[in-house]
Amino acid sequence: MSQTKGLEGVVATTSSVSSIIDDVLTYRGYNIDDLANYASFEEVIYLLWNGKLPNETELSAFKKDLTAVSSVPDEVLNQLKTIPIGDVHPMAALRTAVSNLALFDDEADQQDEEANRRKALKLQAQMATIVTAFARIRKGKEPVAPKEDLSFAGNFLYMLNGEEPDETSEKAFNKALVLHADHELNASTFTARVCVATLSDIYSGVTSAIGALKGPLHGGANEQVMAMLSEIGSLEHAESYIKDALNRKVKIMGFGHRVYKNGDPRAKHLREMSRQLTEITGESKWYDMSVKIDEIVTNEKGLLPNVDFYSASVYHSLGIDHDIFTPIFAVSRVSGWIAHILEQYENNRLIRPRAEYVGADKQDWIPIDERP
Ligand code: ACO
């Protein structure tokens with residue numbers, strides 16, 4: 001038996017949801033650059049789940065359906081209120097709340113396509129409600145209900161801050177959601193697919209995926225990038241900080257990728273958004289530092305920024321708490337997880353690879369009183 005560490009290069013399934021071919025990312029065949037420039041996040045969710053872009057009637061019905069199921073059961077909200085303030089990462093709160101949602105959904109274990117699509121809508125809408133509610137509850141504020149006439153992006157910022165966002169913020173946030181929606185067989189999507197391939201339910205699949213996304217080698221990197229930028233503090237400290245970190249073989253968060261070798265096509269969109277937003281907030285130091293770090297890491301290590309690097313200064317400029325960055329990633333990526341979960345159910349087989357055994361040879365049993 002041969003094995004590849006971290007399953008590098010292993011093709012584990014077929015999928016028609018998204019592709020990365022020659023460093024070009026597409027969702028259902030649409031280039032990410034076009035989607036980032038033109039699509040609303042709602043259009044992208046529809047595209048991922050249905051394989052085609054919605055027409056106007058379909059889009060407006062879909063938006064209504066999403067808003068209609070955005071309230072979470074009181075029991076789930078009340079549980080969020082019991083979490084000790086300051087001690088719990090919002091990704092842990094989200095993971096628990098999503099698992100909790102299943103307990104209050106009569107259809108949680110129903111596996112037919114219609115029931116799965118109803119659960120998909122609820123998960124997509126309610127994860128945004130949960131993340132924004134938790135962000136407020138831990139500051140002693142009441143959750144804010146969504147407005148019917150706002151976009152998904154607009155509603156998220158409205159539920160987070162209690163006031164409607166300006167157009168620039170809404171557009172930027174929409175673009176960030178579009179860019180994070182799906183990414184072929186990334187770690188959290190693979191986790192979701194492995195989970196539901198046992199014919200477990202969609203809530204279990206999404207709960208598992210949130211757990212995988214939480215780690216700093218995956219979605220957790222965006223929060224770590226902001227922690228690094230804050231620690232560096234100013235442009236003049238960037239070079240010495242990064243060179244020292246590289247000398248000590250410390251990984252620079254937001255750089256490198258398992259699949260892209262010539263750069264992540266999402267990064268340029270986030271870089272431009274970071275430039276624009278930091279100029280508006282009058283804090284271009286975050287952009288300037290990011291560009292400097294980008295130059296150094298590229299020159300010294302040949303590593304390019306991934307989706308997480310510039311998204312940190314984008315979310316910071318939108319006034320979002322740093323530990324909400326990864327939950328936002330989840331609020332977007334659940335659209336992709338669901339598309340993959342539905343695809344897995346359609347053509348399922350248990351996912352069960354093998355391990356090459358490298359442990360001890362045949363051992364003789366030793367009674368407990370004779371063991372050293
Ligand atoms: N900073 C410094 N060195 C790095 C970095 C980095 N960000 N990424 C990789 N390297 C180095 C490794 O130390 C290793 O060097 P070595 O061969 O001298 O030991 C070499 O490049 C290969 O790195 P691996 O970790 O084996 O690459 P892998 O494909 O397994 O990992 C990953 C990809 C996890 C993204 C990695 O680049 C990394 O840890 N980056 C930082 C975390 C990050 O930004 N994660 C977000 C990824 S995108 C996403 O999930 C949304």
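The model is predicted, with local features requiring a pLDDT of at least 70, side-chain atom pairs counting only at pLDDT 80 or more, and totals for chains, interfaces and linings using all residues. Residues are numbered from 1 along each chain as its sequence is written. The mean pLDDT of the chain (the predictor's confidence in each residue, from 0 to 100) is 97, and 100% of its residues reach 70 or more. For the complex, the predictor gives an ipTM of 0.97 and a pTM of 0.97.

**Domains and their contact**

- The chain is assigned a domain 1 (17–215 + 324–346) and a domain 2 (221–317), with bounds that come from an automatic or database domain assignment.
- Taken over C-alpha atoms, the centres of domain 1 and domain 2 are separated by 26 Å.
- The contact between them takes 17 residues from domain 1 and 19 residues from domain 2, where two residues are in contact if their C-beta atoms, placed from the backbone, lie within 7 Å.
- On the side of domain 1 that touches domain 2, at least two residues each come from strand E2 (24–27), helix H1 (32–38), helix H8 (167–180) and helix H16 (325–346); helices (H or I, at least four residues) and strands (E, at least two) are DSSP runs, numbered from the N terminus.
- H8 gives the most to that side of domain 1, with 6 residues.
- The residues of the side of domain 1 that touches domain 2 divide into 11 nonpolar, 3 polar and 3 charged, with Ala, Val, Leu, Ile, Met, Phe, Trp, Tyr, Cys and Pro counted as nonpolar, Asp, Glu, Lys and Arg as charged, and the others, Gly among them, as polar.

- Not counting residues up to four places away in sequence, Val 206 touches Val 98, Leu 123, Ala 192, Val 334 and Trp 337.

**Ligand shell**

- The ligand is surrounded by 19 residues, of which the closest are Ala 221, Lys 251, Phe 255, Gly 256 and Arg 258; a residue is near a molecule if its C-beta atom, placed from the backbone, lies within 6 Å of it.
- This shell around the ligand divides into 7 nonpolar, 8 polar and 4 charged residues.

- Helix H9 (residues 187–196) is largely enclosed by the rest of the structure, because 8 of its 10 residues are buried; a residue is buried if 20 or more other C-beta atoms lie within 10 Å of its own, exposed if 12 or fewer, and partly exposed in between, with C-beta atoms placed from the backbone.
- The buried residues of H9, including Ala 192 and Arg 193, pack against helix H10 (202–213) and H16.
- Ala 133, found in helix H6 (residues 113–137), counts as buried because it has 25 C-beta neighbours inside 10 Å.
- Leaving aside neighbours within four places in sequence, Ala 133 is in contact with Leu 77, Leu 80 and Pro 143.

**Positive phi values**

- Glu 184, in the loop between H8 and H9, has a phi near 50 degrees, a positive value in a residue other than glycine.
- Leu 7, in the segment before strand E1 (18–21), has a positive phi near 55 degrees.
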